[in-house]
Amino acid sequence: MKKYAIIKVTNGNYAIHAEGTDLNNMKVNFHGLCQALWNEPTVVTAKVMIVDEQLNVVDGYAEYIHHEVTAE
């Protein structure tokens, strides 16, 4: 049985967001995390990926998130 992980790098901080064996569930989790990060104003940059046990991106599930920093 294959294992998958959702890895995220947010503002330079690495973390494993989730792990599991159900790829469909991981895809739903991936989209929810990406949506949350796109809506989070404190996120300047983020990268989210679903990877397999060899750290290969699964089915192209990788997203780069970037918000412009505005001077106040």
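**Bridges, sheet and helix**

Colleague: Which residue in β3 is the bridge partner of Val9?
Modeller: This is a predicted model, in which local features need pLDDT of at least 70 and side-chain atom pairs count only at pLDDT 80 or more, while totals for chains, interfaces and linings use all residues. Residues are numbered from 1 along each chain as its sequence is written, and side-chain values use heavy atoms, with hydrogens and water left out. Strands β1 (residues 4-10) and β3 (residues 45-51) run antiparallel and are joined by six bridges, strands being DSSP runs of E, at least two residues long, numbered from the N terminus. In β3, Val9 has as its bridge partner Lys47.

Colleague: Which strands stand at the edges of the sheet?
Modeller: Four strands form an open, antiparallel sheet in the order β2-β1-β3-β4, where two strands pair if DSSP finds at least two bridges between them. Each edge strand has a single partner, so one of its sides is left without a neighbour in the sheet, and these strands are β2 (13-20) and β4 (57-66).

Colleague: What is the average twist from one strand to the next?
Modeller: Angles run from 0 to 180 degrees between N-to-C directions, with axes fitted as lines to C-alpha atoms. From one strand to the next, the twist averages 15°.

Colleague: Is Asn39 buried or exposed?
Modeller: Asn39 lies in helix α1, and its side chain reaches the backbone oxygen of Gln35 at 3.1 Å. Buried means under 20% relative accessible area, exposed over 50% and partly exposed in between, using a 1.4 Å probe and protein chains only. Because its relative accessibility is 58%, Asn39 counts as exposed.

Notes:
A polar contact is a pair of N or O atoms within 3.5 Å; within protein, one must be able to donate a hydrogen and the other to accept it, and residues adjacent in sequence count only if both atoms are side-chain atoms.
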